[in-house]
Amino acid sequence: MPLSASGASAKGAFATAPTKEDPYTYQVGFGNRFASEALPGTLPHAQNNPQKITGSSFVAPRVENLSTYIYRIRPSVAHQGFTRLPDNPDLESCFLPINPKVHISPTQLAWRPFDIPDSSEKADFVEGLKTIAGNGDPTLREGLAIHMYLANTSMNKKAFVNSDGDMLILPQQGRLDIQTEFGKLMVQPGELVVIQRGIKFKVVLPDGPSRGYIQEIFGAHYQLPELGPLGGHGLANPRDFEHPVASFDIDQSPWSIVYKVAGQLHSCAQEHTPFDVVAWRGNYVPYKYCMEKFVFVGSISKDHIDPSIFCVLTAKSKATGVPLADFLIFSERWDVGDHTFRPPYYHRNSSSEFMGHIYGVYGGRSDDFQPGGASFETGFCPHGVSYDVFKAASDGELGPMKVHENTLVFMFESSMMFSVTDYAIKRSGKLHYHEPKMWDNLKAQFLNHVEQINSDLKAHGLAELGSELKQ
């Protein structure tokens, strides 16, 4: 199949077409093994020999073995050495309680929209990283981190390599024009992009200042969740994941490459662009996904199904059957349950829940939940909708209705306990606590019917309620 000089396919059933908002072409399919040439005939026939980048053990099972052969103009080893950079005080990687810069919260926390620096303070994607919460430590290959990026400047002659974990990036304001070793991706609010650890990339801001969310996982890679009785299709379908096509530069001017290693930042200088990969093939490749393509499923009779039905991507922990992280979304869908309390019921569960808001109006949270903000509940912390939402859902007339129209909210859910950073608690200026008074009107309605209850107990030969409840 003929390819253009930029790597875009001239035609083909399995490549996307450029649009006004996204000028790039992509190969489609989650977990596929791809091959891409920006210069036809570059890939060697029936062998692999040049530099190899790998994302898993060489002897990992075939289904879990992730690797890519990349064919570049000049090897990455042609550099001028590394220099330790000053610590970013707002970037954290160790979430163990022995770290004095992280904190445990037994209650619900929330943050109003995080501020993007003004023009007097330049911050690119790397400089604008702010850690909110996390678990574990990258040196243990177990755990995760949750960051905000708050950027107002494009990266120029500078690339970033995260050696600690895979990054799931969710722009909330402004598109991200991301150049990787494998090609280019344009990612806009409503889309996600995953860049695996060890891959070089730079971020340009075509729409100006940008804000978004990041989940970084240290010990696993993202997978599609199992579908169980849904069968072969539904939720996020593999065909809707888009991967870049090969594209290369021939720039031979100075560049700096910033590496994040165990949370530390190091800079590597080189006299050539890192984006000089002429061809590649493999399955360790960045990808993006438009969340508007998610196929929601739910109850068409009664009751509220467990939130696993909203899962887009999941990542395994070291414990069998227990996820390190699930990425869930809540967006426009039909709600039709009959004789059913439709909002999420009041609950406690073992998972840590961190929610972010991309766009729209979302009534499912307790209070003041806005695009660019966040909320958090630790495991077994009781939570649920405000009394007003509860009352409306309890008394409202039921009928088929669209919920969360023009709205996109997500959840980072984990079986792990999170600690919360100094930045999130002390320096962001956006922390506020959920107001417990929003539930004061949730009175014990059961006690309004003591006489009837005692009558029913007596009819069944059971002891009546104590006199103290009758007063």
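Predicted model: local features only at pLDDT ≥ 70, side-chain atom pairs only at ≥ 80, totals over all residues.
**Sheet.** I started with the strand order. I found an open sheet of ten strands, running β1-β18-β22-β14-β11-β16-β9-β8-β28-β6, with antiparallel pairing. The edges are β1 (26-28) and β6 (102-103); each has a single partner strand, so one side of each has no neighbour in the sheet. Then I zoomed in on β18 (residues 241-244) and β22 (residues 287-290), which are antiparallel and joined by two bridges. Phenylalanine 241 sits opposite tyrosine 289 in β22.

**Cysteines.** How many disulfides are there? I get zero, with sulfurs required to be within 2.5 Å. I checked cysteine 290: the nearest cysteine sulfur belongs to cysteine 311 and is 17 Å away. Cysteine 290 is buried, at 17% relative accessible area. Cysteine 268 is buried too, at 1%.

**Annotated residues.** An unreviewed UniProt entry puts "binding site" at Tyr362 and His383, so I looked up both.

Where is tyrosine 362? I found it in the loop between β25 (352-359) and β26 (374-377). Tyrosine 362 is buried, with 12% relative accessible area. Beyond four places in sequence, tyrosine 362 touches Phe330, Met355, His357, Phe369, His404, Thr407 and Val409.

Histidine 383 lies in the loop between β26 and α1 (387-395). Is histidine 383 buried or exposed? At 7% relative accessibility, histidine 383 counts as buried. Leaving out neighbours within four places, its contacts include Gln108, Tyr345, Asn349, Glu353 and Glu377. His347 is also among the contacts of histidine 383, and the two side chains make a polar contact at 2.9 Å.

Conventions. Residues numbered from 1 in each chain as written. Heavy atoms only, no water. Pairing = 2+ DSSP bridges. Helix = DSSP H or I, 4+ residues; strand = E, 2+ residues; numbered from the N terminus. Buried < 20%, exposed > 50% of the residue type's maximum accessible area, 1.4 Å probe, protein only. Contact = heavy atoms within 4.5 Å. Polar contact = N/O pair within 3.5 Å; in protein donor to acceptor, adjacent residues only side chain to side chain.
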